[in-house]
Amino acid sequence: MSRRAPILAAEARLSLSRSARTALSYLALFVFTLFALYPISRIVTLALRPGDQLLSSSLALIPHGATLANFRTLIFETPFLRWLGNSTLIALAVTITGVALASTAGYALSRYRFLGRSTTLNGLLVTQMFPATMLLLPLYLILIKLSLINSYLGVVIIYTATALPFCIWQLKGYYDTIPLSLEEAAGIDGCTRWQSFYLIVLPLSAPAIVITALFSFMTAWNEYVVAALVLQDVEIFTLPVGLKMFQSNMSTQWGLYAAGALLVSIPVVILFLFLSRFLISGLSSGAVKG
Amino acid sequence: MAKVSVKNVFKIYPGEKGGNVTAVKDVSLEIADREFVVLVGPSGCGKSTTLRMIAGLEEISQGDVYIGDKRVNDVAPKDRDIAMVFQNYALYPHMSVYDNLAFGLKLRKYPKAEIKKRVIDAASILGIEALLERKPKALSGGQRQRVAVGRAIVRQPKVFLFDEPLSNLDAKMRVQMRTEITKLHQRLQATMIYVTHDQVEAMTMGDRIVVMNNGVVQQNDTPLALYNAPVNLFVAGFLGSPPMNFITGTLKPEGDKIRFREIEGGTIDVAFPAADRPAAREFIGQNVILGIRPEDIEVATFSRKEGRAAATGFPAIVDIVEPMGAETSLYLQTGAHTLVCRSQGALDHREAGHRLQFEMTLAKAHLFDPVSTKRLS
């Protein structure tokens, strides 16, 4: 009994310190979550406020006299749906082009040894070091020469080009972890190089492809500066540019703005939830020993 | 089924600083239809590279490879009608065992019923029927290796290539899979080329063994011929466990005999009938290396005739005794060399530290030229 006592005490201290640590980390997580959620909660409140309470200082999440009027106005009285369509089209085009180009380019850079390979890899990195605003003027001039100003294609090209270097590096890095012997086995089993790429390597790279796709999609979905520069007709605005229209020098339609901001984020959240199940790592475990 | 010919093949890699690295030098092999040939050698000896050139996974820098009568230098691996089992299994992790086995057949557009029949047949040969629905990551090492072998079997290829297939398995599983692959060869009657660094696998599995070192074929013969008549010091030392003892000494003429005397400090002093060793005559007065396998050294029995004991015997101090049950390994000090003896006698640790008389079966001893490392016939 007397011998057990100090051990029990030590165990008690240990479990106390363990639960204290857990409590602390929960506290920290709670604080950070609050940081992240608070602005969103304000947007929700703003979006729900009736027009006469916009400048109210109440902190209630659901404001007094909450209404969906802002959403209704946004959807039926502004070109919001048109912009949503534009944004979706552009983001999907960027995602598909980006993934198609990055998955093949990354494969070439991972598997083949050719003249200029490391220059290409470093070059891709270097492009990431310039601030995007620095590129605005040259990009604008290029698009004018190509007559792509004020067109979907213009933004799609710029977004794809911006997202590609990261995507290529991302996928190249992932391919590097897939054992070459899998492709050799596939080659002996009867695959051409292309077949072993899309039947073996690509399915195994699903987690990296998903990340790449998400990155490309978000790049296009959220971008404002380039879109504001290139797209000039209200008809072909993307959502960020369109929403900015509610802001003006004299007055800002905060209600519409907030409602729009909420609606804009919904597709991204859905996409994220849908794709997150592919984001499991270790898919290739069990292929080879070790 | 088919024969495989490798003719004067080289593999040259461009080196880091301009120079080239020759991984395989002028290798020629003739592998008959249905033969089981083992390529063996230490790591980096070029055996895997040679196999990969046969498979088409490495380009051939120079020379030709034929499968059947067709030159395959420029034929893609998929069109060579070969199957390969990799050291790391290389199973497709996103496919079930069934799909792993069926993959090659599906690509070749076999009818579904035929695929199913072949997969079930292969699975039953290897005892993996119960695993067909599983993914590779849910299998043990031995099971994965079976699946990898199964993937080769279902295709019924002309030639099976094995690249160190057992080196990732534990010792017990390795012995089991070894016998299973041997059985498989007897059952399928296929041409098999098997690469390993393990000389026990080579000795036990191969119809013929090709010993390689530094990219060069050292000797190419049946296991017993290699064991009993190694052409040089490398082959002599590589095959056999524990390895052959090498004793440096000098040769002197003595009537119709040639006497071998161990270098300064050693106790070995034995005489060969000169007629048995014609090539040794040229080395009279020079250093040679005497090679003798551990099982050809034995503790002398004093009931034997004095004369014979004097001709082949030598005293040595027993350093360590390792009783193995059926036999005993003894580590001996002659003064100049440490030797291993595999005695049939039942000795125990009490013999350690004692000086005993030993004798060697001289007919089985080899003499080697220390410069060229070749065996003197």
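**Notes on the predicted model**

1. Charge. Chain B carries 49 positive and 43 negative side chains, with the centres of the two sets 7 Å apart. Chain A has 18 positive and 10 negative side chains, and there the two centres lie 14 Å apart. Bear in mind that this is a predicted model, and that every value here is computed from it.

2. Secondary structure. Chain A contains twelve helices and zero strands. The radius of gyration of chain A is 26 Å, well over the 19 Å given by the globule rule for 290 residues, so chain A is more spread out than a compact globule. Chain B, by contrast, has nine helices and 21 strands.

3. Extent. The C-alpha trace of chain A spans about 80 × 65 × 35 Å along its principal axes. For chain B, the C-alpha atoms fill a box of roughly 75 × 50 × 40 Å, again taken along the principal axes.

4. Burial and surface. In chain A, 38% of the 290 residues count as buried; in chain B, 50% of the 377 residues do. The accessible surface of chain A is about 16,400 Å², and carbon and sulfur atoms hold 72% of it. For chain B the accessible surface is about 16,900 Å², with 50% on carbon and sulfur atoms.

5. Contact range. Take the contacts in chain A between residues at least 6 apart in sequence: 71% of them join residues at least 24 apart. In chain B, residues 24 or more positions apart account for 67% of the contacts with a separation of 6 or more.

6. Interface. How many residues of chain B are in contact with chain A? The contact involves 27 residues of chain B and 23 residues of chain A. The size of an interface is often given as the accessible area lost when the parts come together. Here the two chains bury about 2,100 Å² between them, 63% of it on carbon and sulfur atoms. On the chain B side, B:Lys78, B:Pro93 and B:His94 lose the most area to chain A, together 25% of what that side buries.

7. Helix 7 of chain A. Nine of the ten residues of this helix (residues 180-189) are buried, so helix 7 is largely enclosed by the rest of the structure. Among the buried residues are the acidic A:Glu183, A:Glu184 and A:Asp189, along with A:Leu182 and A:Ile188. Which elements cover the buried residues of helix 7? The cover comes from both chains: it includes helix 3 (80-111) and helix 8 (193-204) of chain A, together with helix 1 (47-55), strand 6 (82-85), helix 2 (97-107) and helix 4 (141-154) of chain B. Helix 7 of chain A is followed by A:Gly190, which has a positive phi, near 125°.

8. Backbone points to check by eye. Most residues other than glycine have a negative phi, and most peptide bonds are trans. A:Asn150 is not a glycine, yet its phi is positive, about 65°. A:Asn150 sits in the loop between helix 5 (132-145) and helix 6 (152-176) of chain A. With a relative accessible area of 23%, A:Asn150 is partly exposed, the cut-off for buried being under 20%.

9. B:Asn8 is found in strand 1 (residues 4-14) of chain B. At 42% relative accessibility, B:Asn8 counts as partly exposed.

10. Cis peptide. Which residues of chain B does a cis peptide bond join? The bond lies between B:Ser241 and B:Pro242, with omega about -5°. B:Pro242 is in the loop between helix 8 (233-238) and strand 11 (245-254) of chain B.

11. B:Gln176. This residue is in helix 5 (residues 171-188) of chain B. At 37% relative accessibility, B:Gln176 counts as partly exposed. B:Gln176 and B:Leu166 are ten residues apart in sequence, and their C-alpha atoms are 9.9 Å apart in space.

How values were computed. Residues numbered from 1 in each chain as written. Chains lettered and ligands numbered in written order. Predicted model: local features only at pLDDT ≥ 70, side-chain atom pairs only at ≥ 80, totals over all residues. Heavy atoms only, no water. Helix = DSSP H or I, 4+ residues; strand = E, 2+ residues; numbered from the N terminus. Rg over C-alpha atoms; globule rule 2.2 N^0.38 Å. Buried < 20%, exposed > 50% of the residue type's maximum accessible area, 1.4 Å probe, protein only. Contact = heavy atoms within 4.5 Å. Areas by Shrake-Rupley, 256 points an atom, 1.4 Å probe, with all protein chains shown as cover. Charge placed at Lys NZ, Arg CZ, Asp CG, Glu CD. Buried area = accessible area lost by both parts, 1.4 Å probe.
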